[in-house]
Amino acid sequence: SLAREMGLSDEEIAKGLEKVTPLFGRGEVLTGSFDIIQDCYNANAESMHSSLDFLQNFSGKGKKYFVIGDMLELGEDSQKIHKELIDSIDCSKIAGGIFFGAEMAEAAKKTSFDANILSFSLIKNTDDSAILSCFNFLKEKLQKGDVVLVKGDRKSVV
């Protein structure tokens, strides 16, 4: 609307939008044999819900997976917020995922998550062996056309 108000044509607006690139770790969609939605700059309940909604409604024929890391600096309600997030995942639209980090893994253990629908992994630590476990889980599952959301606080997933 602002661009139109400034007198730009639809063609000029489209050309300008094609040049826009997100900041590293903020809503990047990396395409290849499978797509990666990389959103690991910051994480809070609202941004996590938005990212999972985006994944659940992402168009494409492949399966959908996630790697969601801890939301940091939430204070005394941290476990409650992590659990509420996990409870909100629509298992009918997701093929599998990884709960990455101590708080996310602990909350996943306490949820009513239907493990029969969703293939998932709990990774409590964030060291090199945890990253290798994450890689191996995805390597085993992913096929051409699938999509993976990588979401969490940059301190928990990078």
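## Basis of the model

The structure is a predicted model, in which local features need pLDDT of at least 70 and side-chain atom pairs count only at pLDDT 80 or more, while totals for chains, interfaces and linings use all residues. Residues are numbered from 1 along each chain as its sequence is written, and side-chain values use heavy atoms, with hydrogens and water left out.

## The chain as a whole

The chain contains seven helices and six strands. These elements are DSSP runs numbered from the N terminus, with helices being H or I runs of at least four residues and strands being E runs of at least two. Read from the N terminus, their order is α-α-β-β-α-β-α-β-α-β-α-β-α.

Of the 158 residues, 36% count as buried. Here buried means under 20% relative accessible area, exposed means over 50%, and partly exposed lies in between, for a 1.4 Å probe and protein chains only. Contact means heavy atoms within 4.5 Å. Among the contacts with a separation of 6 or more, 63% are between residues 24 or more positions apart.

## Helix 3 against helix 4

Helix 3 spans residues 45–56 and helix 4 spans residues 78–87; the two pack at an angle of about 15 degrees, with their axes 10 Å apart. This angle makes helix 3 roughly parallel to helix 4. Axes are lines fitted to C-alpha atoms, for helices over the stretch in contact, and angles run from 0 to 180 degrees between N-to-C directions. Angles under 35 degrees count as roughly parallel, those over 145 as roughly antiparallel, those from 65 to 115 as roughly perpendicular, and the rest as oblique.

The crossing of helix 3 with helix 4 is right-handed. A crossing has this hand if the near helix is turned clockwise from the far one by less than a right angle, and is left-handed if the turn is anticlockwise. On the helix 3 side the contact involves A45, M48, H49 and L52, which meet I81, E84 and L85 of helix 4. By class, these residues are five nonpolar, one polar and one charged. Ala, Val, Leu, Ile, Met, Phe, Trp, Tyr, Cys and Pro count as nonpolar, Asp, Glu, Lys and Arg as charged, and the others, Gly among them, as polar.

## Helix 4 against helix 5

Helix 5 covers residues 102–109, and its axis comes within 8 Å of that of helix 4, crossing at roughly 65 degrees. The crossing of helix 4 with helix 5 is also right-handed. From helix 4, the residues S78, Q79, H82, K83, L85 and I86 meet E103, M104, E106, A107 and A108 of helix 5. This contact has five nonpolar, three polar and three charged residues.

In helix 4 the buried residues are S78, H82, L85 and I86. Viewed down the helix axis, they fall within an arc of 95 degrees, so they line one face of helix 4. The arc is that of the directions from the helix axis to the C-beta atoms. The cover over these buried residues includes helix 3, strand 3 (64–69), strand 4 (96–100) and helix 5.

S78, a residue of helix 4, is buried with a relative accessible area of 6%. Leaving aside residues up to four places away in sequence, S78 touches M71 and E103.

In helix 5 the buried residues are M104, A105, A107 and A108. They cover an arc of only 165 degrees around the axis, which puts them on the same side of helix 5.

A43 is placed in the loop between strand 2 (35–39) and helix 3, and it is buried, with a relative accessible area of 3%. Beyond residues up to four places away in sequence, A43 touches M48, D70, M71, K151, G152 and D153. A43 and K151 are 108 residues apart in sequence, yet 7.3 Å apart in space from C-alpha to C-alpha.

L30 belongs to strand 1 (residues 28–30) and is partly exposed, with a relative accessible area of 38%. Again not counting residues up to four places away in sequence, L30 touches D35, I36 and Q38. D127 sits in the loop between strand 5 (119–123) and helix 6 (128–141), and is partly exposed at a relative accessible area of 36%.
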